[in-house]
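This briefing covers strand pairing and helix packing. Please have the sequence and the model open while reading.

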Amino acid sequence: MLGILGTTALLLDGGPDEKWGKPRERAVLATLAVHADQVVPIDKLLRWVWPGDQPVPANPGPTFNTYATRIRRALERLPRPPKLRAAQGGYRLEVDRSSIDLHLFRDLVAQARGHVDDNPARVVELVESAIWLWRGPPLADLASEPAQEWRERVVRNDWLAAHTLRAQALLDLERYDESVAALDELQADFPDDVQLANLRLSGLVGAKRFSDATRHYLSTWQRFRADGDEQSAQHLRRHYNALMAEQTTPVTPQATIVPRQLPHDVADFVGRGEQLAALDEACAGGSGVVILDGPGGVGKTALAVHWARRVRDRHPGGDVLVDLCGYAPDRGAVDPAAVVDDVLVLLGQPPEPNLSRRQRELLLSSLLADRRMLVVLDNARDTEHVRDLVGVFSSCRVIVTSRQRLSRLRTSTGARRITVPPMDPVESAELLSVQARGRIPEIERLVGLCGGLPLAIMVLAEDVAGRSAVQVAEFAARLSRRRLLVVVGDQGEGMSPVEACFASSYRALGGPERRLFRLLALHPGPDMSAEAIGACVGLSAADTTRNLRALVGANLLEQPEELDRYRIHDLLREFAAHRLERDEPPESRRAAQERLLDFYVASATEAARVLYPGYTPPPDQPTRPARGYPDAAEALAWFHRERGVLTVAVRRAHETACHDKVWRLADPLATYFDRTGCHIESRAVRELAAWSAKAIGEREGEASALVGLGIAQMALEDHASARRCLETALRMVEDLGNTRGLESALHQLGRLAMLRGDMVDALDWLNQGLAIAEKADDGPAVSWFNITIGRVLRLLDRHADSMMRLQQARWHAIRAAERSAESHSLQELGLTFQAMGDLSAAAAHSEQALEISEAIPDLAASARICMTLCRINTERRHFAKAVAFGRRGVAILRGSQDFSSQAGAIDALGDALYAAGEPDEAMAAWHRGADLYEYVGASDRSSRTRTKIEESCYAQTRTVPLARTGSVTPDVVVDPPQWLSQPVRHHTEGGTR
């Protein structure tokens, strides 16, 4: 047999051979099979075989001769091979039509039609045998326009007709579910076929699925009418009415009353312009479903009523609001059957007592079919609560309000979803002023406590209305979020309307979801990751995700664009804390807090290890598995995202006496702060770490925190405090015999002495530490000591000794794979070469250092190197590069708290800009730099910078910057400013030179 119902195949006993020839050969044979026993001219073959966007053969004769030869060879494999002959400028396939699968299919379907009246089971059997012949779209090897037209005719006239015949036979056999399942698939491909719609309607009614039948009828009838196919709509309606007549449902011609049952609009409605516009857009048609969802108290009902009253003229058939009481604490949710009865009464057609629930629904659907009516289903509990009602009201415009997202309802009905968010601060302040009828003192603080929830604002408005300005100010000073939730009176604590609203949503959750919700209050920030939540609750990732979805679905938790992160509203967070105190035992709260802190300690430690390869965590740091970081960029992004949460976590752990967690979490966090120039935050967490370590007698942890605190204080130029911390740490590590701690304390004391200008003292501290590091064979420490010693020697103008130390430092750094130390040694080598006057070598070493520091990444070091390169290139008269490096360094430091370095970078950029011929920009940069120097107390540097400004203002009347002279030689410049004609003095950690 020859197959064309799919790819062109030889249907053999062993199965179809679909790869007997190349695609073009299969396309030629398929075309000839379609036109069996007819001569197909060459030009017709070209139109069928070659799509319109592909070039045809210039000389088709030989091409088709080759194809014909190969096709004949393949056909010989069939038991009764067809004959392929050349005739009359074309080709003809002589074949028994019954050996082509399409014709066999048609024969089987014709036989099935003969048994329609007497044997539907035989009809199903024959049609299924015919359908079995289809292996895919007919003529699948052909993509030309003639082939596509032929294929569409065959699919509609043959394939669809066969399936329709089978569906009708299944109905005759009362196999309704099978028929409906088959028709579901058919209607997806042929949604406009009224015969299929009628058959599916019959199947649903036969299966006693009356609600589904009504929904199917109304949605299809509306679609036909919207498409302008009035004939199909009327045909479907007659069929539906005939089916319903058989169900003994009373037919009522029309309702007698136009109901107007909307509540009163909110007086002085405020804001919500975006949501009102979204409702206008979503409700442009006459029917359909719109879901308004959001947390309790956010104003969904008020928004729906306000919009509905504003567009009342669009719904001449009436408007109704039904409170479904989905979250009513004192009574159960309203039964949908009661809603049907109530609406029938409102329409003037009270149901007869003997009618079943299904008959009442059908009666109401019939009454509403030709009406343009608005129905607001308010406060729905979940999808199941409103699914049947939405079907009954499917000819109406339906607005559903719910605290749930109702995702399944959206999927099943195609409903539009509009989320109602909390009000912004401006709208909140306006609402409070309007409702309290007056100007409110401290209004920003008051509305901030309400978090944009209209319910809380309305409650607050009642409290402040009628009070004097002084009384309102006193009230605002005492008010807290907890007082908005809990009413305190003579009888003790009671629920406020806000808490009652939240409590009803809370009670609707399952036990695991309620526990997860209240434990969210333990998280140190409103923005949290799924991993952190799972660690806090102590559940698996799958269980955590499932419970989080339930909270998001109930609008008790928000999920921003990042799929693994969640956010909780401030008032809901306060409510969660209130329930945590009432519903969670103290020991369970403590255990959850410790699990959460352990997660952040392990995660921060791992991030620091990945981000800073030389980082050594505190001793006995937890090794519990934490999240992984594929590279340094991901680890840095994690720190950027979680820095606020981690800072609050350290403070909260300190407040709750989780001292062992404080210093362990503070160390990796402060390391990140140090490397990004956030020295104020580093000092804050190091102070807490030192205090907590001392509180539990963890002397090694206290010493480590004191060294880190000293580093932060040095960066903030608080040298006296830094010295106290470092000397205390030194005494502690000497008592403990902690070699690594001793190395660290000595190194930082050496750095501090260098910064204070005491170079002899600096070398003494550093050489002591170097001897200890060499004895312990601590390669990284040896490298760092030599770097700092090399820096001190450079500042003493002992350049040869400095170079020797720095080369040793680099060798040890490479050997220990300590990339940060390698970068710093290269940077110091660059500065030493600069001091020696070898600017090319200085630039080369500095650029190599910058490449390494940016790859680590070490932002603070990168900024310092950019500043160095800016000054080096200014001296080399490479002004474009100098400005580029200057801008790069300023950009890196922007947002850091290292104001001294910021001032130095801006100052260097000003020098480069002036030399590059941009005096106006240079002046602006110097002014900013001088202000920053003054801010950090560096009055001498500020004075030098302001002197440059004064000299440059005077010099501009007599000279031009270097880059504007057309030459880079200094003798072209006439009387330049004094600071520019002298060797550039460079600010370093040890002062200037």
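Which residue in β6 does R85 stand opposite? R85 stands opposite R92. This is a predicted model, in which local features need pLDDT of at least 70 and side-chain atom pairs count only at pLDDT 80 or more, while totals for chains, interfaces and linings use all residues. Residues are numbered from 1 along each chain as its sequence is written, and side-chain values use heavy atoms, leaving out hydrogens and water. Helices (H or I, at least four residues) and strands (E, at least two) are DSSP runs, numbered from the N terminus. Two strands pair if DSSP finds at least two bridges between them.

**The β5-β6 hairpin**

- Strands β5 (residues 83-87) and β6 (residues 90-94) run antiparallel and are joined by five bridges.
- Two residues separate β5 from β6 in this hairpin, and Q88 in the turn has a positive phi of about 50 degrees.

**The three-stranded sheet**

- Strands in the order β1-β2-β3 make an open sheet with antiparallel pairing.
- β1 (2-3) and β3 (15-17) each have a single partner strand, so one side of each has no neighbour in the sheet.
- Three bridges connect β2 (residues 9-12) with β3, and L10 has D17 in β3 as its bridge partner.

- A second open sheet has the order β7-β9-β10-β11-β8-β12, with parallel pairing.
- Its edge strands, β7 (260-261) and β12 (416-419), each pair on one side only.
- Four bridges join β8 (residues 288-293) to β12, where I418 stands opposite L292.
- Helix α12 (residues 300-310) lies across β8, β9 (319-323), β10 (374-380) and β11 (397-402), at about 160 degrees to β11.
- Helix α15 (residues 383-392) lies across β8, β10 and β11, at about 170 degrees to β10.
- Axes are lines fitted to C-alpha atoms, for helices over the stretch in contact, and angles run from 0 to 180 degrees between N-to-C directions.

**The α38-α39 pair**

- Helices α38 (residues 839-855) and α39 (residues 859-875) pack at about 160 degrees, with axes 9 Å apart.
- α38 and α39 are therefore roughly antiparallel (an angle over 145 degrees).
- Residues in contact (heavy atoms within 4.5 Å) include L839, A842 and L850 in α38, and I865, L869 and I872 in α39.
- By class, the contact of α38 with α39 has 10 nonpolar, four polar and three charged residues (Ala, Val, Leu, Ile, Met, Phe, Trp, Tyr, Cys and Pro count as nonpolar, Asp, Glu, Lys and Arg as charged, and the others, Gly among them, as polar).

Methods. Angles under 35 degrees count as roughly parallel, over 145 as roughly antiparallel, 65 to 115 as roughly perpendicular and the rest as oblique.
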